[in-house]
Amino acid sequence: MIESLAKNLVSLKKEFVTVYDGASHIQEVIPASKSELFPIQERDLELLHQFATKNPIYYNSYEKIIGDTLCIVYEGDINKFWLNSIQHGSSHAPFSPTWIMSAYVLSLIAKENRYQEIIDIGSGDGRIAFCAKVLGLESYSIEIDNMLVDVQKTLSSTVDFHPSCANAIQFDYSSLNLSNPVFFIGGLAQMGGIELASGVLEKITPSHFTKLGWVFAGTYSKKYKTDPKNEAGWGTLIEQNHLKSINTISLPTAWTFHETDETPYIFAETA
């Protein structure tokens, strides 16, 4: 079901690109209701829409039929958040969000793989941690930018995903009492992700967990230097840290809206 949901979301995004005539900085869609193409619990959909409508990065929304699906289009602008996020000396990746629906699919995969906690590193507005909590997983959001954490605190008023304003490579993860966690690393490998992931990996002792996972956002874009071990930019880090790639899924993100390829998310585990 998850693979079909991801495939249908990619198709929806590609159709949306052809019909979108707005001029917003970022834009995305969420199905208005449960359907055969998007068999999502109505409660979950309602919470995803609440996340978007309460989120200050979006300033407009409207209904639109895209293909065979009635959707809500959300238009937004992340410029002030992006600029604020790069002012931190220890910031490794500027804020640029995945789609809310993509965050939901990623959280579904984490749940299917029997992880019990999601730790969203460099979490931006906390959408991955939010979706994980919606699906019944425990979740923690680690973000260095205070402006984005203030957004998270507003959005966590009904679904508490534990936002923390902290430097992820200095955070004490033992304080979370994790059991079977999966760490989502925000940022492409070529845009600070390697440094961020390496710093967090050094803080984690694999033997403390019966199951330990990692998720990396990759890219196949020719704009970025390729990794000799591939894995969309993450191959060398995966090999050097004795991880095993178990799954890759491509999903829409804000930065791939005008690109043919979506963002590949690489799921890996400690070998």
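The model is predicted, so local features need pLDDT of at least 70 and side-chain atom pairs count only at pLDDT 80 or more, while totals for chains, interfaces and linings use all residues. Residues are numbered from 1 along each chain as its sequence is written, and side-chain values use heavy atoms, with hydrogens and water left out.

**Exercise 1.** Describe how helix 2 and helix 4 cross.

*Solution.* Two packed helices are described by the angle between their axes and the distance between the axes. Axes are lines fitted to C-alpha atoms, for helices over the stretch in contact, and angles run from 0 to 180 degrees between N-to-C directions. The axes of helix 2 (residues 42-54) and helix 4 come within 10 Å and cross at roughly 135°. Angles under 35 degrees count as roughly parallel, over 145 as roughly antiparallel, 65 to 115 as roughly perpendicular and the rest as oblique, and helix 2 and helix 4 are therefore oblique to each other. Where they meet, Asp-44, Leu-48, Phe-51 and Ala-52 in helix 2 face Ile-100, Met-101 and Tyr-104 in helix 4.

**Exercise 2.** Work out how strand 3 is joined to strand 1 and strand 2.

*Solution.* Two strands pair if DSSP finds at least two bridges between them. Strand 1 (residues 26-31) and strand 3 run antiparallel and are joined by six bridges, with Glu-28 standing opposite Tyr-74 in strand 3. Strand 2 (residues 58-66) also pairs with strand 3 in the antiparallel sense, over eight bridges, and Tyr-58 has Gly-76 in strand 3 as its bridge partner. Strand 2 and strand 3 form a hairpin with two residues between them, and Gly-67 in the turn has a positive phi of about 65°. As for covering, seven of the eight residues of strand 3 (residues 69-76) are buried.

**Exercise 3.** Describe the position and the polar partners of Lys-13.

*Solution.* Lys-13 lies in helix 1 (residues 2-19), and Lys-13 is buried, with a relative accessible area of 1%. A polar contact is a pair of N or O atoms within 3.5 Å; within protein, one must be able to donate a hydrogen and the other to accept it, and residues adjacent in sequence count only if both atoms are side-chain atoms. The side chain of Lys-13 makes such a contact with the side chain of Glu-262 (3.2 Å), and the side chain of Lys-13 also reaches the backbone oxygen of Phe-257 at 3.4 Å. Not counting residues up to four places away in sequence, Lys-13 touches several residues, among them Trp-99, Pro-252 and Thr-256.

Definitions and conventions: Helix = DSSP H or I, 4+ residues; strand = E, 2+ residues; numbered from the N terminus. Buried < 20%, exposed > 50% of the residue type's maximum accessible area, 1.4 Å probe, protein only. Contact = heavy atoms within 4.5 Å.
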